[in-house]
Amino acid sequence: MNSPFLTPPAVFAAGSNYQIMSVTDTPLVYWVEVNNHKYYDASNGVLRSACRAHRAVVPMAELDRAGKYTLCFRRVLDRKNSVPITGEIEKLEYIFRPVPCGGRINIYQVADAHQLNTLPHMAGQYFGKDLHLLVLNGDTFDFCHKDQDFDYLYYLAGRLTGGEIPIIFTKGNHDNRGYLAEKLEEYTPLVDGRSYYSVRLGDIWALILDCGECCDDNYPEYGHTVCHHAFRMEETEFIKRIIANAESEFNAPGVKYRLVISHSPITHIRQAPYNIEKEIYSQWTELINENIHPHFMLSGHLHILDISYPGGKLDTLGQSCPVIIASKPVCDASRKATDYIGCALVLSDRQVTVLFTDSNKNIVGEGKFNI
C-alpha cells in the first residue's frame, strides 16, 4: 500500500531530542520505533489522529546510536463511535546519519525561501548525500493562510534530507504572517512550547533564537495580532538560563563549535521602521559576547550574501564574531524569481569555509575564517 505521507519525515533537532514529524491528509495514529522502543504521538495517552502534522519525540542519544528508525502507523477507518476502527500496523524504515563527531561537517543553510517553487530545493542539494545538517533559517513561508501552506516546509525538507539527517528550523518574520500563522507550532519543533532553544549535534552547540516580527508590534501591517515585545522579553530570560547552565550547554565536554542561529542578524539595527528593540538586542549581544563567546552567527533576512566581521558596516551593536548573512532570492525586472542563492558551510580543523551557491550548484562567492 502506498505511503499516506506527503513527504519523507523531517527529523528536527531541538533541545536534547529529535522531533520526527510527518504530514498527511489521511487520518491515522503515529509512532516511531527506535531499538524496539516506541515513541508515540499522543495527547495524554490518547493517540492523535485528528491532525495533519504528527510528531514523535525521540532522545537524540538513542537515535544516534541506532542509526535507523521505523515510522509506524495505523490508518483510522472510523473513530466516530465508542469503538474506533483502525487498520493493520504499517511501517516505513529510514536510516539516520547523525552529525559526525570529529572531522569535516557539511552544513547547508536555506533562509528566505519564501515558498519559492523548486529553486531553494535545487540550491540546497549542493552537498548531495554528503550533507550532514540542514538549517532552515526563517522565512521558509511567505505567509500561512491555509493548512496546505505548511506543506512547503516538508517538501523542502524531504527533498534535501529524505528523513536521514537532522534539521535545525528557525522562525523568521514572515513565518508569523497569515490567517493560520498561529498554527505554525503544530508543524514545527518546539521545546517546552518555545520556538527558541539550544541544541547539541556532535561537535556543534547552537543557540536558536527567534526575533519575531521585524517592526514594532503596533505596526499597521500587523493589525494588532502580535505581541513580540513580550515574547522577546521572555527570550531574554531564556538566554540568561542558558548561561547559568553553561557547563551542560556551550561549555559541555566535546563542544568544538559554538553557533548562534537567528533569522535576523541581531547585531545589526536597520533604518526605520525596522530599527526596533535596540535595548533588547543590545542586551542579547552583551550576554552572548561576554558569556557564550560564539565562533560565528548564522542569519538571513537581509537577502544579501556577506560575512560581517566585527567592526564592519553591518556591525551596529558590537558583534564579537563573524556573522554570516546568506540568502538571496534573485528576481527579474517583473519580480519573477529566476534563481536562489543559499549558503554551504564546511567546518573542519577549526576553520569555517563559506560558499554561496546558486540553484545550479555554482559557487558565486566564498570566504574563510579561523576560529
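I count a contact as heavy atoms within 4.5 Å, and I take helices (H or I, at least four residues) and strands (E, at least two) as DSSP runs, numbered from the N terminus. The model is predicted, with local features needing pLDDT of at least 70 and side-chain atom pairs counting only at pLDDT 80 or more, while totals for chains, interfaces and linings use all residues. Residues are numbered from 1 along each chain as its sequence is written, and side-chain values use heavy atoms, with hydrogens and water left out.

Entry one, the whole chain. I find six helices and 23 strands in the protein chain, and its C-alpha trace spans about 65 × 50 × 45 Å along the principal axes. Of the 371 residues, 58% count as buried, meaning under 20% relative accessible area with a 1.4 Å probe, protein chains only. Among contacts between residues at least 6 apart in sequence, 70% join residues at least 24 apart.

I checked its length: the 15 residues of α6 (residues 278-292) should span 21 Å at 1.5 Å a residue, and the end C-alpha atoms are 20 Å apart, which agrees; the expected span is 1.5 Å times one less than the number of residues. Which residues of α6 are buried? I list I280, Y281, W284, T285, L287, I288, N289 and I292, and the buried residues of α6 pack against β15 (204-209), α5 (228-244), β16 (257-262) and β17 (296-299). After α6 comes H293, with a positive phi near 50°.

Terms used
Buried < 20%, exposed > 50% of the residue type's maximum accessible area, 1.4 Å probe, protein only.
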